[in-house]
Amino acid sequence: MRGATSAKWVAGAVIVAMAATACSTSKDNAGEGGGNITVQLGEPQHGLVGQNTAESEGAEVLNALFTGLVKYDNKTNEPKLAVAESIETTDSKTWTIKIKDGYTFHNGEKVDAQSFVRAWNWGANQDNAAEGLPFFSKIDGSDELAPGKDKKPTAKELKGLKVVSENTFTVTLKESFSQFKTMLGYNAFYPLPKAFEADPKKFGEAPIGNGAFQMDGVWDHNKQIKVKRYDKYPAEGRAKLSGVTFKIYDNLDTAYNDLRADNIQILDKLPISAMATVSQEFGERYIYKPESGVGYVGLPLEQNPETFGKLEIRQAISMAIDRDAIGKSIFNGTRKPADDFISPIVPGYRKGALGEFGTYNPAKAKEIFEKAGGIPGNKMELGYNADGGHKEWIEAVANQLKQNLGIEVTAKPYAKFGDMLDDLGASKYKGAFRMAWSMDYPAAENYLRPIFSKVAIENGSNYGHYKNDEFEAVMKQADEAKDPAEGLKLYQKADDIIIRDLPYIPVFTYMSSSAYSKSVKNVEVDAQGRMDLANVELS
Amino acid sequence: MGRYLIRRLVQAIPVLLGATFLIYWLAFKLPGDPIQALAGEKKADPIVAAMLREKYHLNDSFLSQYWNYITNLFQGNFGETLTGRSVWDKITEAFPYTMNLAIIAFLIEAVVGVLAGIMAALRRGKFLDQLVLLSTLLVISIPVFVSGFILQLTLGVQLKKSWGIDFFSVSFNENDGIRAYLLPALVLASTSLAYVARLTRTSMMETMRADYVRTATAKGLPRRRVVGNHALRNALIPIVTFLGADLGALMGGAVITEKIFNIHGIGGLLAESVYRKEGTVIVGVVSLLIIVYLVANLIVDLLYAVLDPRIRYA
């Protein structure tokens with residue numbers, strides 16, 4: 001019978017095929033000899049261009065392919081000179097940047113002043129709609145390149161950038177900014193070679209960088225990105241491994257299983273499911289340290305002044321939250337109680353800065369809450385986006401407020417983060433809301449201005465529309481400081497104002513957890529959760 | 001038969017057109033702002049957002065966006081994602097993996113399922129029959145994500161760590177060829193396999209009781225011929241119907257399996273596009289799935305005549 005015979009053939013073919021592949025056990029030889037390893041990555045969003053990358057996965061690869069003017073110390077997060085020989089200013093407004101000799105792009109082209117100017121002009125031009133565009137807004141002339149909606153740029157070059165000599169250029173800012181040097185380690189400020197201009201899109205698939213690693217082939221979408229050591233990189237900082245494969249996963253649990261089976265060597269973010277057992281399984285090869293994120297309960301000061309306008313009410317809410325319990329029981333220790341608006345990893349953080357009002361004290365919370373007259377209707381809402389694992393902690397906070405303040409608190413889920421922002425922007429939503437911030441560059445300033453300044457109402461994350469002239473004035477003074485250390489003191493003064501006013505309530509800071517296999521050593525993860533791959537060695 | 005085939009294919013055109021319209025409309029109606037989704041947890045920069053909205057015509061009305069899409073489509077242009085990648089590239093990257101996975105799962109399901117069903121039917125009430133019934137019940141009641149993770153952990157991780165056997169990969173690795181698909185295909189096939197086995201068992205039992213089978217046996221035909229030519233052929237009709245519909249379901253329903261084993265196929269692409277509200281990708285992928293369904297159904301209908309010559313097409 002026809003059907004039966006063909007079925008037999010098909011079955012036979014499958015068995016033969018299975019047997020054949022079984023014999024040729026092709027061993028993935030990553031991590032053996034030759035100094036090649038495989039690490040986990042998520043699919044980057046855009047083409048690999050520093051000016052157009054604002055998410056962590058693309059930044060991870062760019063970090064291997066590019067070296068910026070400065071880079072951040074893995075321990076202290078202070079900016080250290082990298083490609084820059086010196087970065088000098090006398091007024092924090094005009095900056096003179098000298099470039100070291102010896103850095104070349106992977107195609108041999110010299111890294112000179114022009115390669116930075118080229119990259120920044122491209123990023124600042126709104127026609128390119130690059131995600132990093134806001135980073136150039138401090139530079140003089142940026143408004144002409146990005147005049148806004150329905151307008152055309154009137155210039156092609158930032159007038160604040162001037163090439164002085166092959167190795168020197170100056171940057172003039174619109175206004176003084178004492179922390180400008182710290183900003184320069186962010187990937188929007190990476191240089192670009194001439195070859196970029198010919199075809200930016202193609203460049204993004206196989207970027208020609210100036211970093212310790214160069215592309216090995218092109219980006220194999222959704223599968224892997226391979227890089228290999230760049231041998232002409234300056235001797236200090238040259239990569240020790242000969243190659244790294246970024247294997248693309250969209251599921252951390254799978255990546256973790258691959259790490260346990262030693263199919264990959266480093267996993268720089270662990271799935272929640274691993275937290276309970278990872279320290280036993282990996283011991284010293286498990287890295288657990290604070291990272292840049294801070295989680296808040298945001299308060300709609302402008303949208304709902306009747307409820308949240310009174311300082312005592314905000315203080316009471318803050319004191320009624322048991323931060324310790326949330327970090328331990330809900331996040332398995334992957335979050336630590338927040339005690340400052342500034343993240344613990346950034347210079348300028350002060351332990352316990354929040355003081356009394358950041359410490360769990362339900363009795364006192366209730367007392368001042370009632371003294372202030374409570375809130376209208378004795379109820380409030382707590383909004384969150386349901387797509388990011390926030391349900392549990394928001395419900396816990398809602399319960400704590402309910403118990404400790406004796407009010408009705410409902411957790412209100414939004415499908416997406418953007419929906420909640422839309423409602424807040426239109427004053428349609430008047431409840432408290434979950435919020436988080438992670439830094440762009442390790443400066444105290446980056447935890448204040450983008451969230452609490454007036455300009456951040458439109459361009460940043462000031463969703464409660466907090467306005468305070470005193471804060472603005474101190475921030476301006478800090479920007480104008482001649483010396484970064486002096487600036488830092490003033491930013492702390494601005495931080496004190498925010499701590500006093502509590503426009504948001506900091507709840508926890510994020511912890512990063514990573515693990516690596518026995519076959520590698522010298523694994524370090526920086527504050528932005530990126531692996532320092534140039535230092536990694538086989539053990 | 002030729003005319004029938006042509007008519008069926010012509011009928012597929014309005015189905016496809018209607019479907020793309022509906023899907024595009026549904027994608028358009030998905031809540032959320034795709035540009036904000038792109039920016040993640042930070043607020044999208046107003047200037048960048050405005051430029052992107054203009055570039056991708058996001059401010060236009062639904063009909064104008066759809067018209068734009070469909071005219072491009074007829075010129076063979078599937079459009080671009082909001083991050084500037086060609087939708088066609090994305091689909092052709094993902095499609096082969098899902099196709100391979102579905103076909104291997106389909107083969108496992110068809111061969112093992114039908115064989116198990118036949119054996120159970122021929123040994124009704126005996127140990128083998130009980131075994132098939134029990135094991136299929138077990139498979140049906142365990143959700144795919146549980147069985148997937150358990151198999152990944154035991155066969156992928158533990159086997160390598162404790163025994164040094166590196167046969168089943170934890171995550172998909174292209175260099176492993178067919179071997180890389182085995183575990184995921186088995187997981188993907190498991191539930192349908194159980195249904196096929198049970199369906200075959202019932203269907204076979206019924207035909208084995210039919211008069212013509214008794215006649216064939218009485219004529220003294222060898223048992224192989226009775227079972228193979230007389231009983232099985234008739235029993236196969238409902239099974240083929242199920243398998244045909246299931247091929248489409250396997251392709252569209254592989255989301256969880258693909259995710260567990262890190263296969264970047266159609267399922268993940270679709271899920272990601274719905275999350276990002278990328279209408280152009282959603283429509284492209286779903287249209288492709290519709291074509292698979294239509295073709296699978298057509299093949300099923302044509303197979304009826306092969307199995308039972310009394311069935312004629314008009």
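pLDDT is the predictor's confidence in each residue, on a scale from 0 to 100. This is a predicted model, in which local features need pLDDT of at least 70, side-chain atom pairs count only at pLDDT 80 or more, and totals for chains, interfaces and linings use all residues. Residues are numbered from 1 along each chain as its sequence is written, chains are lettered from A and ligands numbered from 1 in the order in which they are written, and side-chain values use heavy atoms, with hydrogens and water left out.

**Exercise 1. State the confidence of the model, by chain and overall.**

Step 1. Chain B has a mean pLDDT of 87, with 99% of its residues at 70 or more.
Step 2. For chain A the mean pLDDT is 90, and 94% of the residues reach 70 or more. In residues 1-33 of chain A, however, the pLDDT is below 50; this stretch has 32 contacts (heavy atoms within 4.5 Å) beyond near neighbours in sequence.
Step 3. Where pLDDT is low, the predicted coordinates should not be read in detail.
Step 4. The overall scores are ipTM 0.86 and pTM 0.87.

**Exercise 2. Describe the fold and extent of chain B.**

Step 1. Chain B contains 13 helices and 0 strands, where helices (H or I, at least four residues) and strands (E, at least two) are DSSP runs numbered from the N terminus.
Step 2. Its C-alpha atoms fill a box of roughly 85 × 60 × 30 Å along the principal axes.

**Exercise 3. Characterise the interface of chain A and chain B.**

Step 1. In the model, 63 residues of chain A contact 56 residues of chain B.
Step 2. The two chains bury about 5000 Å² between them, 53% of it on carbon and sulfur atoms; buried area is the accessible area (1.4 Å probe) lost on putting two parts together, summed over both.
Step 3. The rule finds 4 salt bridges across the interface, each a side-chain nitrogen of Lys or Arg within 4 Å of a carboxyl oxygen of Asp or Glu. A:Lys201 forms a salt bridge with B:Glu80, the closest N and O atoms being 2.8 Å apart.
Step 4. Elements of chain A that each supply at least two residues to the side touching chain B include helix H1 (2-23), strand S10 (243-248) and helix H15 (417-425). H1(A) gives the largest share, 9 residues.

**Exercise 4. Classify the aromatic pair A:Phe452 and A:Tyr466.**

Step 1. Rings of Phe, Tyr and Trp (its six-membered ring) pair if their centres lie within 6.5 Å; planes under 30 degrees apart count as stacked, over 60 as edge-to-face and the rest as tilted.
Step 2. Over all chains, the structure holds 37 aromatic pairs.
Step 3. The ring centres of A:Phe452 and A:Tyr466 are 6.3 Å apart and the planes stand at 90°, so this pair is edge-to-face.
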